[in-house]
Amino acid sequence: MKKLLLASVFIVLHSAGMAQTVNAINAYRHFVVQPAANYTKHTTSITAQVHQFFTQKGAPTYYSVDYLTANGADKCDILLVEYAVQSVKVPGGGGSKANANIKFLNCNYTQVFATQGSAVINNPFDAQKSYEKAIHNALMNLSGYAYNYGSGKSKKNKRKSLKGIEHERIPPDSPGQQVTSQPVATSKSVPQSDVDSNIPKIGGNNEFTYALVIGNEDYSTYQTDLNSEVNVDFAEHDATVFKKYLVRTLGVPDQNITLLKNATAGQMRQSLSKLSKLAEVSGGKAKLIFFYAGHGLPDEKTKAPHLIPVDVSGGDLEYAVKLQDVYQKLTAHPTERVTVFLDACFSGGARNEPLVAMRGVKVRPKTGAMSGNMVVFASSSGDESSATYKKKSHGLFTYFLLKKLQQSKGNTTYKELADYLEEQVKLNAVIINNKVQTPSIKANPELNDSWQQWRLNQ
């Protein structure tokens, strides 16, 4: 049994108060939480606790220090809040004791405030319970605290508004992060293909069409125990170009589209909730589009398919996004229609190297129940994997989806699109990659065949 387990997580705030009082942390504008040590697998749940606590206190909690500074935040407007948990053998006792120390540090790593907590447990191997109790007790020392920006800072430091930064906020229900530093994935430049240019620009304004577009490519930056071979080649590029077609060819207003590249679990859940709320307030007129390129995995026991955020380990799907939950979010409120595009496989295969080595053969994932006016275009079927079209710098499925949009200028029925994707992807998967890949198109059975005459540009 390990006698010492250590986890550190950082939160970032704003300004330069030094007094040893909790009020001093009100001098800081930005809170950012992310793990800094790789000693424990429980940082995800601990980070979620800390995020939720400070968010409920009204504090502006973010994820990435580098993202904040890149968008205009002063580094010394960021307070580093470091928490450490130690699980040690109790001297002379039978059991273990967990101690949590939470330190609030400024940009010079000078302590602004600190608190601590502890928890005694009966089972010395019940580390997660121990950690959570200790952190909870440390946070409870701040139970009377409420964020009040400026009460602990000098007047010369003025509050700063950061343009375009709100999407980086971590929601209260975020599962937190599993990374061990302050990762910022850098987008790779890729060769341009024929579908990346000459994107048809069509008039019209689908003001009630809302889209969430996700390209999860870089898993190794966010999980340092992974090598780059597990990354999903061209997923970012897939998402970026698909968004261009939404705007130019399908007439979706740019402000109606959320584009996430290398999305964390918190960002994915937050954006799905936003899409659902847009449907709720649109009075049944909303047309929702959800596009995902990245890793998918099945639960080996339940066979339920999951979308994998870049900060979630393929070996523990507790904080992955269940595909069924995505469907439920998208159909929670009446809509005119919901269209889902998935360039991911859920069998344990991958574009490159699998995210996690599956035991035995590939898993044939369950097919999720469908409701509402929803149609799902998926890149592969059963236990197949979804491949790339390297020459075109796209996933094979996404390339032919974009090609059909380009050729038809968006004026195509769902039936025409389904037939085209099935023919072209099946054929070219063998020609290009020498493997079988069969797109699947599924709709709510209650729609019968009515969905086949829907048009993407209407």
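**Exercise 1. State how many helices and strands the protein has, and what share of its residues is buried.**

Solution. Start with the secondary structure. The protein has eight helices and 18 strands. Helices are DSSP runs of H or I with at least four residues, strands are runs of E with at least two, and both are numbered from the N terminus. This is a predicted model, in which local features need pLDDT of at least 70, side-chain atom pairs count only at pLDDT 80 or more, and totals for chains, interfaces and linings use all residues. Residues are numbered from 1 along each chain as its sequence is written, and side-chain values use heavy atoms, with hydrogens and water left out.

Next, burial. Of the 458 residues in the protein, 57% are buried. Buried means under 20% relative accessible area, exposed means over 50%, and partly exposed lies in between (1.4 Å probe, protein chains only).

Last, contacts. Take those with a separation of 6 or more: 75% of them join residues 24 or more positions apart. Contact means heavy atoms within 4.5 Å.

**Exercise 2. Describe how helix H5 and helix H6 are arranged.**

Solution. Two packed helices are described by the angle between their axes and the distance between the axes. H5 covers residues 265-281 and H6 covers residues 323-330. Their axes come within 8 Å and cross at roughly 25 degrees. Axes are lines fitted to C-alpha atoms, for helices over the stretch in contact, and angles run from 0 to 180 degrees between N-to-C directions. Angles under 35 degrees count as roughly parallel, over 145 as roughly antiparallel, 65 to 115 as roughly perpendicular and the rest as oblique. H5 and H6 are therefore roughly parallel to each other.

Now list the residues. H5 brings Leu272, Ser273, Leu275 and Ser276, while H6 brings Val326, Lys329 and Leu330. By class, this contact has four nonpolar, two polar and one charged residues. Here Ala, Val, Leu, Ile, Met, Phe, Trp, Tyr, Cys and Pro count as nonpolar, Asp, Glu, Lys and Arg as charged, and the others, Gly among them, as polar.

**Exercise 3. Find what alanine 279 touches beyond its sequence neighbours.**

Solution. Alanine 279 sits in helix H5. Its relative accessibility is 2%, so alanine 279 counts as buried. Leave aside neighbours within four places in sequence. Alanine 279 is then in contact with Gly284, Ala286, Leu288, His333, Pro334 and Thr335. Threonine 335 is 56 residues away along the chain, yet the two C-alpha atoms are separated by 6.4 Å.

**Exercise 4. Locate serine 385 and name its side-chain partner.**

Solution. Serine 385 lies in the loop between strand S15 (374-378) and strand S16 (388-389). The relative accessible area of serine 385 is 6%, so this residue is buried. Its side chain makes a polar contact with the side chain of lysine 435, at 3.1 Å. A polar contact is a pair of N or O atoms within 3.5 Å; within protein, one must be able to donate a hydrogen and the other to accept it, and residues adjacent in sequence count only if both atoms are side-chain atoms.

**Exercise 5. Locate arginine 29 and leucine 297, and state whether each is buried or exposed.**

Solution. Arginine 29 lies in the loop between strand S1 (6-10) and strand S2 (31-32). Arginine 29 has a relative accessible area of 12% and is buried. Leucine 297 is in strand S11 (residues 296-298). At 2% relative accessibility, leucine 297 is buried.
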